[in-house]
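Keep the model open as you read.

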Amino acid sequence: MPHSAGGSSHSGGSHSGSSSRSHSHSSGGHSGSSNSSRTSSTPFKGSRRYLYYQDNKPCLIYSNYDIRKMKVMPIVVWIIYFVFLFAPFMAMFSFFAFKQLHVPKKVTYYQNKKVEYVIEDNIDVLENEKALKKSMKEFYEKTGVVPAVITVDNETWNQDYKDLEKYAYDVSVKRFPDEAHWLIIYSTNIKDNGFDDWHCEIMQGDRADAAISAKHGEQFNEALYKRLLQRSDYSVDEALAQTFDEFTPKMMTVSLDNTFSFFGLLFVNAIMAGGAAWTLIDTIRKAKVPEKYKKAVLCDLNAVYQGSCNFCGGAYIIGMHTECPHCGGALPPQSYVQDPQGNVIHIFNSNAEPKGT
Ligand SMILES: [Zn+2]
């Protein structure tokens, strides 16, 4: 089964053995990150020989994968890493970061229930209840949380309770089971022993959590405490009213329970996202088929002979092409004889050269 009848081309030359090599661009591992895909300038187990052209010259390379196809494995490996390593950590960090974020939601008290502002002054320390009630009303209108103020004598609770907090808890549960109240209990000793032994406790119903963040609650408490310490400047009701007035506009703003954790976690996430993106870009870059391999052909010939195109003068491997790989010009098909395996066994004309000289 032969072929070729006539034609030109340079010929002549002899078998140059199996290790005929091109000007070799590829000595050793050209294989990206995947250790299973390998190319080499010399044959190795499981490899096949490919022919490609670069700088108008034929090059041969041995590879255990199809160099004309994108290497999929490294990308699959990247995806596995991402899904099982990066993504869970990033999701976890994001979860904890956004847990720090409190976006307030106004509490819907009761649609058909008139709001009652409880001000219960059992020890007669509140001077201007009207002004206090106004401040409490504004607080409710903004947040949907109903404030209540109760003042007691230390003796009402210090026999039965370890501290005011326990007492305030019981009062809150009994008096305000709607869980939408913000109860402030102020307690002091009525008997004047020359020392003002006062206590103050705030109880926040569970439903109020939607509107009042832990951070805002804490800030409110601190501000109230500071005013209550300055009894020469503020009466108890003034301290309460002014603290309500100060915090009413702030309560519904977004707050962070822990600013450091929030930004720290986001920063770690940004680094991980950057690392993931960088490795993905690098993996794709390495997995892509290099331009020079795109038109490569399998070349199992025992020996290769090089001819040159009559049109462009470019070098090509005889027996591998019907058209010039450089200019596309028709190649003379008649100058050689092939065996059934495609090996060139005879070259008629005499200016072909064995490749690699
Ligand atoms: Zn050509």
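Start with helix H1, residues 73-99. Its 27 residues reach 37 Å from the first C-alpha to the last, close to the 39 Å expected at 1.5 Å a residue. This is a predicted model. H1 has a kink of about 40°, centred on phenylalanine 82.

Now turn to the sheet. Four strands form an open sheet with mixed pairing, in the order E5-E6-E7-E8. Strand E5 (119-121) and strand E8 (199-204) stand at the edges; each has a single partner strand, so one side of each lacks a neighbour in the sheet. From one strand to the next, the twist averages 15°. Look at E7 and E8. They pair in the antiparallel sense over six bridges. Tyrosine 186 has cysteine 200, in E8, as its bridge partner.

Next comes the packing. In soluble globular proteins, nonpolar side chains tend to be buried together. Here the largest nonpolar core has 37 residues. Val145, Ile150, Ala168, Leu183, Ile185, Ala208 and Leu240 have the most contacts inside it. Two or more residues each come from helix H2 (129-143), strand E6 (146-153), helix H3 (164-175), strand E7 (181-188), helix H4 (214-229) and helix H5 (236-247). H5 gives the largest share, six residues.

Take valine 145 as a close-up. Leaving aside residues up to four places away in sequence, valine 145 touches Val107, Tyr140, Ala180, Trp182, Ala208, Ala211 and Ile212.

A second core, of 23 residues, is separate. Among its members are Ile61, Tyr293, Cys324 and Tyr336.

How values were computed
Residues numbered from 1 in each chain as written. Predicted model: local features only at pLDDT ≥ 70, side-chain atom pairs only at ≥ 80, totals over all residues. Core = buried A, V, L, I, M, F, W, Y, C linked by C-beta atoms within 7 Å. Buried ≥ 20, exposed ≤ 12 C-beta atoms within 10 Å, placed from the backbone. Contact = placed C-beta atoms within 7 Å. Expected span 1.5 Å × (residues − 1). Bend = angle between axes of the 7 residues up to and from the residue. Pairing = 2+ DSSP bridges. Axes fitted to C-alpha atoms, helices over the stretch in contact; angles between N-to-C directions.
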